[in-house]
Amino acid sequence: MSTPAPPYGPSRRGERILIGLAVGLTVLFIAAPLAFIFVRAFSQGWQVYAANILHPATLHAIWLTTITAIIVVPLNVAFGIAAAWAVAKHRFPGRGILVTMIEIPFSISPIIAGICYLLLYGRQGLLGPWLQANDLQVMFALPGIVLVTMFVTAPFVAREVLPLMQAQGTEQEQAAVTLGANGWQVFRRVTLPNIKWALLYGAVLCTARAVGEFGGVSVVSGNIRGQTNTLPLHVELLFNDLNAVGAFAAASTLTLIAIVALVVKALLEGRKAA
Amino acid sequence: MSITVSGLTKRFGQTDVLRGIELGVEQGELVALLGPSGSGKTTLLKIIAGLEWPDAGQLDVNGQDWLRLAAQERRIGFVFQNYALFPHMTVRDNLAFGLTVRPRAERPGRAVIAAKVDELLHFLQIVDLADRYPTQLSGGQRQRVALGRALAIEPNVLLLDEPFGALDAAIRRDLRRWLRGVHEATGSTTIFVTHDQEEAFELADRVVVMGAGRIEQIGHADAIHDHPASPFVARFMGATVELPVTLHAGRADGSGLDLSALERRALPDGPARLFVRPQDIAPRPDPAAPWRIASRTSNGAQLRLVLRHPDLGEAEADVPRRASAAEALTPDAAVRLTIEAGTIFPTDRRPGAASAEPVPLTSHKETAR
């Protein structure tokens with residue numbers, strides 16, 4: 001049975017105008033700039049694009065960004081599960097504060113996080129002398145980049161998993177316990193399968209954010225070309241060098257990662273809802 | 001397995017959930033914990049399961065101190081009100097769960113587990129559901145799977161929390177009979193929690209009535225029905241009409257009441273309270289009586305009369321609609337109330353006390369604790 005079109009014209013027209021407006025704005029503000037990145041990246045042909053991507057400094061930036069994500073995402077997945085588990089399945093003093101703490105990185109500008117870490121671990125920082133005495137380089141090196149990225153992306157997994165865990169309550173876990181399961185078995189065979197899609201979804205969001213993080217990292221990395229430059233920082237560097245093709249080529253790799261993440265996220269969203 | 005609970009107390013924040021529970025359950029017995037919500041019955045069940053811990057008291061099972069054992073070590077079968085089936089596992093895997101999580105040394109082989117699960121599927125009459133997921137099952141089917149999952153580990157004790165609470169009336173009756181059959185077939189000591197009297201009395205060997213964290217009465221259906229041990233039990237068992245009476249040498253007397261059908265009570269002279277079920281009140285027209293019929297409504301089989309006394313307020317009476325006497329019971333008619341059955345408790349003189357202590361009478365001794 002097909003629904004007949006509503007007989008009254010004006011609201012139908014209003015609907016069309018609204019849809020047209022939404023599509024138009026999306027194209028103008030989101031799709032067009034993204035497409036423009038690829039147009040500019042390829043404006044001087046494949047060879048120039050390839051040469052820019054394969055430039056040692058760009059390759060290093062890609063590698064550094066990848067290694068950062070590879071370290072950060074699993075750690076934040078572990079943190080997210082642990083935090084959500086603690087908050088959703090247990091009652092303890094300070095639980096409310098913990099819930100708020102998890103969300104802090106969402107509301108604090110990443111650059112503030114960067115400065116905080118600088119004040120803590122930097123040469124003049126609180127732990128600076130001790131770190132120096134032990135020959136540990138945190139700032140302007142990979143550890144600093146990883147720490148700031150972890151801070152900025154910490155809430156993503158917890159935020160996705162927590163509501164689901166809260167909705168599911170603790171009865172399934174209790175049932176598993178009465179059936180003789182130990183803590184690890186309860187987690188692996190009951191809790192984890194229940195949150196699996198939300199967990200993956202959170203991990204994808206976390207990855208996308210980790211790869212794209214700019215503000216916080218720019219404070220702690222020191223922007224040393226070929227050493228502590230992540231991909232977003234490298235894009236800015238190339239742009240400031242007036243190497244537009246190089247900047248857009250590097251940006252295109254970031255954009256590709258983002259689009260892949262988006263597609264995976266959309267697929268996961270379907271599974272999560274099922 | 002025989003269970004002995006003694007001196008069990010539990011507080012949640014400011015609330016006393018359990019205030020000194022004493023209870024013994026014999027091997028193979030089927031016991032119901034009956035009470036309104038908030039009476040502590042589920043907390044008691046969860047303490048026996050090891051899912052909650054008491055603040056004080058003892059829990060011994062076959063002479064073993066169970067408060068030293070974690071839930072995993074007690075080997076109890078617990079059936080949750082909402083079943084708590086594992087949604088990502090098939091019925092078969094749900095049933096097998098308890099066997100597959102055993103430590104490697106004690107874990108039966110795959111073939112043994114599969115055979116055990118098949119046996120359960122047959123026993124529970126759910127063979128054709130074996131490969132379904134919980135979301136594809138009806139409430140009654142889920143209930144069977146939940147019970148099967150608990151039985152798979154051959155539990156020492158079977159504990160059920162409102163086992164039929166989430167089902168509709170027809171399925172409840174079927175499953176009740178079926179659960180009784182399962183209990184008789186397995187012979188396991190079973191405790192279940194319910195707020196439904198009918199369910200408790202029909203299914204259980206013994207019923208434990210709980211109210212506000214205390215055990216009010218333990219006994220069989222008839223005894224609890226006829227001789228409630230406390231005003232709380234009387235009210236809970238449907239004696240919702242409360243009338244002031246005066247006792248003289250064990251005989252009760254009240255304004256506009258005919259109490260000659262009541263037995264003599266070994267209670268001190270003076271004011272007392274009478275608890276009556278609306279269906280045990282028979283109004284008889286009497287122009288000189290102080291009660292007036294304030295309203296009359298019908299549900300087809302029964303008439304519900306609201307009766308008003310100038311000093312004592314209102315009382316309700318249920319009368320069969322087709323009874324010959326019912327015709328005269330019209331609004332505003334003056335009536336005298338014949339009380340066919342009821343329970344008398346002394347008036348509580350302690351200020352602010354919520355309920356009187358059970359009255360120690362000879363006829364109550366077997367039933368009242």
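Biologist: Among contacts in chain B between residues at least 6 apart in sequence, what percentage join residues at least 24 apart?

Modeller: Happy to start there, keeping in mind that this is a predicted model. Chain B has 369 residues, and buried residues make up 40% of them. Among its contacts between residues at least 6 apart in sequence, the share joining residues at least 24 apart is 68%.

Biologist: How many helices and strands does chain B have?

Modeller: Along its principal axes, the C-alpha trace of chain B spans about 85 × 45 × 35 Å. Its secondary structure comes to 9 helices and 20 strands.

Biologist: How far apart are the C-alpha centres of domain 1 and domain 2 of chain B?

Modeller: Chain B is divided into domain 1, covering 3-223, and domain 2, covering 238-364. Their C-alpha centres are separated by 40 Å.

Biologist: Which residues of chain B does UniProt list for "domain: ABC transporter"?

Modeller: Over the span in question, the chain is 37% helix and 26% strand, with end C-alpha atoms 27 Å apart. The UniProt entry is unreviewed, and for this feature it lists residues 3-237.

Biologist: In strand 7 of chain B, which residue is the bridge partner of B:Phe78?

Modeller: Let's begin with strand 6 of chain B, residues 76-79, where B:Ile76 and B:Phe78 point one way, B:Gly77 and B:Val79 point the other way, and all are buried. Strand 6 runs parallel to strand 7 (residues 157-161) of chain B, and 4 bridges join them. In strand 7, the partner of B:Phe78 is B:Leu159.

Biologist: Which elements of chain B give two or more residues to the side that touches chain A?

Modeller: The contact takes 17 residues from chain B and 14 residues from chain A. On the chain B side, the elements giving two or more residues are helix 2 (71-74), strand 6 and helix 3 (91-100).

Biologist: In strand 12 of chain B, what is the bridge partner of B:His248?

Modeller: Strand 11 (residues 241-248) and strand 12 of chain B pair in the antiparallel sense over 3 bridges. For B:His248, the partner in strand 12 is B:Arg251.

Biologist: Turning to chain A, what percentage of residues 244-268 is helix?

Modeller: UniProt, in an unreviewed entry, places the feature "transmembrane region" at several stretches of chain A, including 198-224 and 244-268. Residues 198-224 have end C-alpha atoms 37 Å apart and are 81% helix. For residues 244-268, the end C-alpha atoms lie 35 Å apart, and the helix content is 100%.

Biologist: Is A:Pro163 buried or exposed?

Modeller: A:Pro163 lies in helix 8 (residues 155-168) of chain A. Its C-alpha atom is separated by 8.4 Å from that of A:Ala84, 79 residues apart along the chain. A:Pro163 has 12 of them within 10 Å, so A:Pro163 is exposed.

Note on methods. Residues are numbered from 1 along each chain as its sequence is written. Chains are lettered from A and ligands numbered from 1 in the order in which they are written. This is a predicted model: local features need pLDDT of at least 70, side-chain atom pairs count only at pLDDT 80 or more; totals for chains, interfaces and linings use all residues. A residue is buried if 20 or more other C-beta atoms lie within 10 Å of its own, exposed if 12 or fewer, and partly exposed in between; C-beta atoms are placed from the backbone. Two strands pair if DSSP finds at least two bridges between them. Domain bounds come from an automatic or database domain assignment. UniProt positions are given in the numbering used here, feature names are shortened, and annotations may be inferred rather than shown by experiment. Two residues are in contact if their C-beta atoms, placed from the backbone, lie within 7 Å.
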